Amino acid sequence: MKIVLDTNVLIAAFISHGTCNELLEHCALNHNVVLSPFILMEFRQKLIRKFGFTAQEVEKTINLLESRFDVITPVKLEEPICRDVDDDQIIGTALAGNCECIVTGDKDLLDLKRVKQIRMISPSHFWALEK
């Protein structure tokens, strides 16, 4: 299955050993994960500014993500879907990658439930479906 892992899921996977960490490992082995330069940029900024990681640590992590997952350019939406334009970038990534779902902890995205063929699924719900 082709999926997008939202920035918040990636961050949670790298800062703690819980659902998102297990989910990331599972997806790396069993699914086609699609990311975008926008997701990686947001990941980089938040790990450095909010969580105090060094630029060198973050670059190693991004290199790992880029080596394992497809990084594509999001499509530009004809009109905004979300209140937060960053969320539109996530949807644009999933559309460009012909993904089936976005795994996210973002309430605004989860409230949408679906955009075209793309389902919005929380990490715990996705993990429950996979087990």
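**Close-ups of a predicted model**

**View 1. Asparagine 21 and its contacts.** Leaving aside neighbours within four places in sequence, asparagine 21 touches Ala13 and Ser16, where contact means heavy atoms within 4.5 Å. Asparagine 21 sits in helix H2; helices (H or I, at least four residues) and strands (E, at least two) are DSSP runs, numbered from the N terminus. With a relative accessible area of 14%, asparagine 21 counts as buried (buried is under 20% relative accessible area, exposed over 50%, partly exposed in between; 1.4 Å probe, protein chains only). This is a predicted model, so local features need pLDDT of at least 70 and side-chain atom pairs count only at pLDDT 80 or more, while totals for chains, interfaces and linings use all residues. Residues are numbered from 1 along each chain as its sequence is written, and side-chain values use heavy atoms, with hydrogens and water left out.

**View 2. Leucine 29 in helix H2.** Helix H2 covers residues 19–30 and includes leucine 29. Leucine 29 is exposed, at 68% relative accessible area. From the C-alpha of leucine 29 to that of arginine 68 is 9.4 Å, and the two are 39 residues apart along the chain.

**View 3. The open sheet.** Six strands line up as S3-S2-S1-S4-S6-S5, with mixed pairing; two strands pair if DSSP finds at least two bridges between them. Strand S3 (70–71) and strand S5 (114–115) are the edge strands, each pairing on one side only.

**View 4. Strands S4 and S6.** Here S4 (residues 101–103) pairs with S6 (residues 118–121) in the parallel sense, over three bridges. Valine 103 has isoleucine 121, in S6, as its bridge partner.
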